[in-house]
Amino acid sequence: MLLVLGFVGGEDGRTRLLLAGFVLVSLAAGELSVREHFAGYRSHTSLLSGICAVVVVVPLALAGVPRIAALGAGVAVFAVAFGLLRSAFASRSGGLGFRA
């Protein structure tokens with residue numbers, strides 16, 4: 001509903017409505033991905049690692065940390081999360097590294 005209002009509404013608050021809508025959709029997709037990943041149903045390793053990296057990079061960028069440092073932190077978090085999430089999925093899916 002927020003996305004629809006953001007797209008068809010007037011200029012007042014349009015950006016806020018669109019941002020709120022995209023955040024809600026992202027949260028819903030992330031929650032579904034977490035449940036499927038840790039149930040061993042589907043591997044969402046890259047998506048979940050990317051979410052972890054964004055959660056680290058955005059606050060650093062908003063705090064004024066230099067871009068290269070924020071990017072480096074994001075890459076490091078992505079790499080660590082990828083390894084941990086991949087092994088978690090393998091243990092829950094019976095040893096498979098991925099399942100499509």
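Is the crossing of H2 and H3 left-handed or right-handed?

Author: The model is predicted, so local features need pLDDT of at least 70 and side-chain atom pairs pLDDT 80 or more, while totals for chains, interfaces and linings use all residues. Residues are numbered from 1 along each chain as its sequence is written, and side-chain values use heavy atoms, without hydrogens or water.

The crossing of H2 and H3 is left-handed; that is, the near helix is turned anticlockwise from the far one by less than a right angle, clockwise being right-handed. Helices are DSSP runs of H or I with at least four residues, numbered from the N terminus. The axes of H2 and H3 (residues 45-62) come within 10 Å and cross at roughly 130°. Axes are lines fitted to C-alpha atoms over the stretch in contact, with angles from 0 to 180 degrees between N-to-C directions. The two helices are therefore oblique, the word for angles that are not under 35 degrees (roughly parallel), over 145 (roughly antiparallel) or 65 to 115 (roughly perpendicular).

In contact (heavy atoms within 4.5 Å), Gly30, Ser33, Val34 and His37 of H2 meet Thr45, Leu47, Leu48 and Ile51 of H3. These residues divide into four nonpolar, four polar and no charged. Ala, Val, Leu, Ile, Met, Phe, Trp, Tyr, Cys and Pro count as nonpolar, Asp, Glu, Lys and Arg as charged, and the others, Gly among them, as polar.

H2 (residues 14-38) also holds arginine 35 and glutamate 31, four residues apart, about one helical turn. Their side chains meet in a salt bridge at 2.5 Å, N to O; the term means a side-chain nitrogen of Lys or Arg within 4 Å of a carboxyl oxygen of Asp or Glu.
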